[in-house]
Amino acid sequence: MERLSAYTTFGIGGAARETVIADCAARLQECVCRGALILGGGSNVLVSDDGYDGVVCINRFGSLTVSGDLAVAGSGLRLGVLSNMLAEYGRAGLEWAVGIPGTVGGAVRMNAGAFGSCVADRLVYADVFRDGKLLRLYNAELGFGYRTSAIVGGDAVVSAAFRTDSGDVNEIKRRTAEIAAKRAATQPLGKSAGSVFKNPDGIHIAELIERAGFKGYAVGGAKVSEKHANIIVNIGGATAKDVRALIDRIKNELLCRYDVAAKEEIVYIGEFS
Ligand SMILES: Cc1cc2nc3c(=O)[nH]c(=O)nc-3n(C[C@H](O)[C@H](O)[C@H](O)COP(=O)(O)OP(=O)(O)OC[C@H]3O[C@@H](n4cnc5c(N)ncnc54)[C@H](O)[C@@H]3O)c2cc1C
């Protein structure tokens with residue numbers, strides 16, 4: 001049995017009952033029919049140390065076709081690859097996605113976003129395998145909100161179509177590089193799952209966590225980043241239990257001190273006692 005830590009950016013997680021790699025749409029659908037849980041980049045999840053008692057499908061279906069202003073991507077395509085390939089084609093609009101280590105499918109599910117833009121701004125439709133049927137769901141049907149969508153467990157985003165604008169290749173590449181540099185300046189390197197908590201309305205949660213004194217605070221191998229207080233980094237040997245204990249400690253403190261009920265952006269997989 002393979003440990004899921006190999007498939008998560010935290011580098012944390014026990015084994016699944018079975019792990020299947022899907023490199024085409026048919027394989028992905030086959031997995032979903034077997035009730036598999038889908039992992040894309042594993043960049044927004046915390047997998048239990050006890051693993052997952054079921055089939056996990058690692059989605060590597062990464063295709064791209066560009067026709068006019070529409071770019072249709074397989075859901076296992078990495079966002080960074082999508083963004084860089086579109087730049088090469090002289091298609092603008094997804095520069096913001098560079099440096100997000102997730103896949104297109106995970107990004108649709110989470111309505112991923114950065115630097116004032118998000119998936120919902122550009123998505124035209126997603127082909128979703130749901131209840132044994134392939135459905136084409138248009139933007140308005142996808143219930144997009146802040147880091148949320150109407151895609152639920154059991155659904156599989158198979159591919160997604162994005163609206164792009166024409167532009168000058170060098171100018172798009174310059175903007176992409178600028179965004180990558182901004183990201184490098186504000187976010188830690190190392191094993192993490194990006195932002196742990198959503199920003200409550202009008203509140204920058206990283207600032208609250210920092211004010212509460214958590215920057216650099218660690219439980220076992222899990223540490224609140226010195227560079228960005230809403231990111232927990234696995235500094236070596238962290239367990240899911242360490243990360244969860246740190247998350248719970250931060251939540252309790254924010255509630256007691258500021259009366260703020262922080263909600264996780266990351267998704268828990270498996271059992272947490
Ligand atoms: C260094 C770093 C920086 C990050 N920066 C950002 C950022 O700027 N903005 C941002 O929004 N996020 C950011 N993230 C978080 C993360 O990359 C995004 O949420 C990303 O969209 C998750 O995609 P994924 O493929 O990794 O999903 P996973 O983590 O693999 O899965 C997340 C959820 O989506 C489901 N899922 C995955 N693929 C599919 C599919 N094909 N169909 C249906 N469900 C699916 C999973 O079952 C799970 O519930 C960052 C993470 C890291 C580690």
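Reply: The ligand is surrounded by 33 residues, of which Gly40, Gly102, Gly105, Gly106 and Gly194 are the closest; a residue is counted as near a molecule or strand when its C-beta atom, placed from the backbone, lies within 6 Å of it. The model is a predicted one, in which local features need pLDDT of at least 70 and side-chain atom pairs count only at pLDDT 80 or more, while totals for chains, interfaces and linings use all residues. Residue numbers start from 1 along each chain, following its sequence as written.

Several elements build this shell. Strand E2 (37-39), helix H3 (104-110), strand E8 (113-114), strand E12 (156-163) and strand E14 (191-195) each provide at least two of its residues. Here helices (H or I, at least four residues) and strands (E, at least two) are DSSP runs, numbered from the N terminus. H3 makes the largest contribution, with five residues. By residue class, the shell holds 15 nonpolar, 16 polar and two charged members. In this scheme Ala, Val, Leu, Ile, Met, Phe, Trp, Tyr, Cys and Pro are nonpolar, Asp, Glu, Lys and Arg are charged, and the others, Gly among them, are polar.

E2 may be followed first. It belongs to an open sheet of three strands, ordered E1-E4-E2 with parallel pairing; two strands pair if DSSP finds at least two bridges between them. Strand E1 (16-22) and E2 are the edge strands of this sheet, each pairing on one side only. Neighbouring strands are turned against each other by 30° on average, direction ignored; such axes are lines fitted to C-alpha atoms, for helices over the stretch in contact, and angles run from 0 to 180 degrees between N-to-C directions. E1 and strand E4 (residues 52-59) run parallel and are joined by six bridges, and Val20 stands opposite Cys57 in E4.

The loop between E2 and strand E3 (45-47) contains Gly42. Gly42 counts as buried because it has 27 C-beta neighbours inside 10 Å; the limits are 20 or more other C-beta atoms within 10 Å for buried, 12 or fewer for exposed, and anything in between for partly exposed, with C-beta atoms placed from the backbone. Apart from its neighbours within four places in sequence, Gly42 is in contact with Tyr7, Thr8 and Thr9, contact meaning that the C-beta atoms of two residues, placed from the backbone, lie within 7 Å. Gly42 and Ala193 are 151 residues apart along the chain, yet 8.0 Å separates their C-alpha atoms.

E12 itself is mostly covered, seven of its eight residues being buried. Strand E6 (residues 70-74) runs antiparallel to E12 and is joined to it by five bridges, with Ser159 in E12 as the bridge partner of Gly74. E12 also pairs with E10 in the antiparallel sense, over six bridges, and there Leu123 stands opposite Phe162 in E12. Strand E10 (residues 123-130) in turn pairs with E11 in the antiparallel sense over six bridges, where Ala126 has Leu137 of E11 as its bridge partner.

Two loops deserve a note. Most residues other than glycine have a negative phi. Phe115, in the loop between E8 and strand E9 (117-118), has a positive phi of about 50° although it is not a glycine. Phe115 is partly exposed because it has 13 C-beta neighbours inside 10 Å. Arg147, in the loop between E11 and E12, likewise has a positive phi, near 55°.

An automatic or database domain assignment divides the protein into domain 1 (4-59), domain 2 (64-184) and domain 3 (188-269).
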